[in-house]
Amino acid sequence: MANLPSHASVVVIGGGVMGCSTLYHLAKFGADAVLLERNKLTSGTTWHSAAQVRALRSSQNLTRMIQYSVELYSQLEAETGQSVGWIQKGSLSLATNPDRLTLIRRQEALAHAYGIEATSITPDEALERWPLMNIDDVIGAVWSPEDGRVSPSDVCAALVKGAKSLGAKIFEDTGVTGILTDGGRIKGIETTQGTIMCDAIALCTGLWSRDVGAMAGAEVPLLACEHFYLLTKPVEGITGNLPTLSDHDNYLYIRDDSGGLLVGCFEPMGKPIAPGVLDESFAFGLLPEDWDHFEPMMMGAMNRLPSLETAEVKMLLNGPESFTPDGSFMLGETAETKGLFLGCGMNSMGVAAGGGAGMNLAHQIVHGHTAYDLSEADAKRFAPVFNSVDHLMARAPEILGTHYVIPYPGRQLKTARDLRKLPNDTPYRVAGAQFGQFYGWERPLYFDRKGEPTLTFGKPDWFAQVRREVTAAHRKAAIFDASPFGKIEVTGPDAEAFLRHVCAGQMGRAPGSVIYTAMLNDRGTFESDLTAQRIATDHYRLFVGTTAIKRDLTWLRRHSEGFDVQLEDSTEAYAVLGLMGPQAARIVTECGAPELNDLGYFKVGPAHIAGKHVRAARMSYVGEAGWEITCKVENEPAIHAALRGAGATDAGLYAQTSMRIEKGFCAMGHELDGDVTPVQTGLDFATRKSGGFIGAEVLAEQRAKGVTSHVVSLKFLDQAAVPLGHEPIYSGGKIVGQTSSAGYGYRIGAPIALGHAKGLQHGQRVQVDIARQMFEAEVIIGPMFDPTGERMRP
């Protein structure tokens, strides 16, 4: 029997690359940590990984995380004496159609913004790097010389050796049989070899994470799918190592392997594996070959590599990988159980991400936060409905397929839809709404859809429809359905004192006030931004982002100790309709609520519309005067019908986003995140200079140092520009920033963007790199369009 310790500060469950990396970094940070593996290290998924390490990802911090992995893997051998099999031969991305070429050139531009070397090359130059391939259909390529690959088993061996040298302990053949909790907190772990009491658990159990999380009462929505790659015996013409070849139009990745070929795929629709199929005996197992399923990809591979036709096949490897409902991994503390931290759902990027993800998970366990903002991987981002087996069985195979599809703007997933519908869902469908899914909710993106939209990187198919909706809001009145907003009731004698502690805004304002506020951490950076309606002395209603409800409610609950307050999620009890535009005043009067016209800006009051009770807040997120009207869900259809009957037009999220950018309003996940403060984003006007809230000291220090906002507005001078966000901003031939939100400004008649850039002046001209084509834009400090002169946030 293993000599388990009776107590450890942190127990890591799972001996794959994610668990080994987390243990290594916990030890580096000085934590008392042990790792439990029910079989042997690398079992499950890690051992059969193709182990590509490609640095460029969709965001700066995900890229930064992979770059850390590259640096870690390259230094581990010197630190531990254990080789990791690092082979840095670069990667080659092919394009066989114009849209793929646009995509890889957008990726090239992004690489430059993130400090990664990437260069467009011709098909003939690509052939020089991969002489065995057929380039008849190739129209362009991008060369990334810094990418490489590793030996996954050797990486784990090096991480374990490093962790042991720092005092960490590893126990193989030790299965977890139960997780002990008390009052929603981790207390210990039961195993086949005994019990360990602990303060935290890092759950890095890969394919089995959903089941292990359930032992602690936590939701871990992931599912395994079959993943295929072909291995051949040595092929003539392969000497030494070649770059990784990405032929995504054929759903393929290709590299050399022991003198032969490794040909892997992420096909358009994968094969899910039902829970229970992979039991605890599945350690170094593989699934049966499925040549019928692989055949379409094999045909594409033989076109790309004619030598495959005569190559001798060693095997078609079928190894399981785990996938989440949105294709991003899960990293961080769960909402349900304090002290339970997830590091799983890696979506076939575990080896590439493992170094950086393990460091960030250890950093959060030890220091209370990741090393930089990784909210896109937050373990609390999924609605509970996504933990359903039925929904995972439908969604996970599609997520596998999204790895290599072209991520056009406006592209929507097709599976696991219609999970949560708005009160006005049926009329929206009659009106031809095109829906997008957000936290399970189906929200209208735009109306009057003309069949299935054609997706493009150019002028979007829905341009005219969104123009009509913006025009309606600007010249008449439009209804923006914000019902999926998260809503949190804060009640009790200490409601004000509690909110003054967790919020930076003016929470002491009188009942009947609306307060815009940031919710900050002790680093002064954003956890959330929200609006609060003070309904009574002891009652506030908070409105948070649609996808933020679980995260924000967890943050509030975990900071409420010592305050006499009650917190309740009322999201599904209330609907919210934004009525905006110059005719909004006439419409509410005709609908029975003339008193709303007497409300001051950022005030909230009761009224009746269509005979139904509402609470309306005078505010706007789109730069047109109006109200956000809250009502009981069951009353929404009657109120909505009355507003439309009086002349209001429905408008979708695309119109709202366009108008938000024109008005210069920041949004979480775009301009705001856990790496920036209100001082750096032009929102310090909405914070209490007297302090007394979490993060106040950091803001005071920044003010004293003269830190200023680096959020800028950009108005493009060329109508052909189609910015999408994340484009590099150049000034004087150097990258000075990056766009964060982008669209078309229908009220000012130009493409527009918001971005982060330092040192720019109002009226200055800059260049923005859109798929390696430079477009000139004018810098505007403040809103590009401001019809009312009112700020959204007083």
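Q: Which residues of α1 meet which residues of α5?
A: Contact here means heavy atoms within 4.5 Å, and helices are DSSP runs of H or I with at least four residues, numbered from the N terminus. In this predicted model, Val17, Cys20, Ser21, Leu23, Tyr24 and Ala27 in α1 meet Val155, Cys156, Leu159, Val160, Gly162 and Ala163 in α5. By class, this contact has 10 nonpolar, two polar and no charged residues, where Ala, Val, Leu, Ile, Met, Phe, Trp, Tyr, Cys and Pro count as nonpolar, Asp, Glu, Lys and Arg as charged, and the others, Gly among them, as polar.

Q: Why are α1 and α5 described as roughly parallel?
A: Axes are lines fitted to C-alpha atoms, for helices over the stretch in contact, with angles from 0 to 180 degrees between N-to-C directions, and angles under 35 degrees count as roughly parallel. The axes of α1 (residues 17-28) and α5 (residues 152-165) come within 8 Å and cross at roughly 25°, and the two helices are therefore roughly parallel to each other.

Q: In what order do the six strands close into a barrel?
A: Strands of a sheet pair through backbone hydrogen bonds, either parallel or antiparallel. Strands are DSSP runs of E with at least two residues, and two of them pair if DSSP finds at least two bridges between them. Here the order is β34-β37-β36-β35-β38-β39, with antiparallel pairing, and the twist averages 45° from one strand to the next. β34 (residues 711-716) and β39 (residues 773-780) pair over four bridges, and leucine 714 stands opposite valine 779 in β39.

Technical notes: Residues numbered from 1 in each chain as written. Predicted model: local features only at pLDDT ≥ 70, side-chain atom pairs only at ≥ 80, totals over all residues. Heavy atoms only, no water. Parallel < 35°, antiparallel > 145°, perpendicular 65-115°, else oblique.
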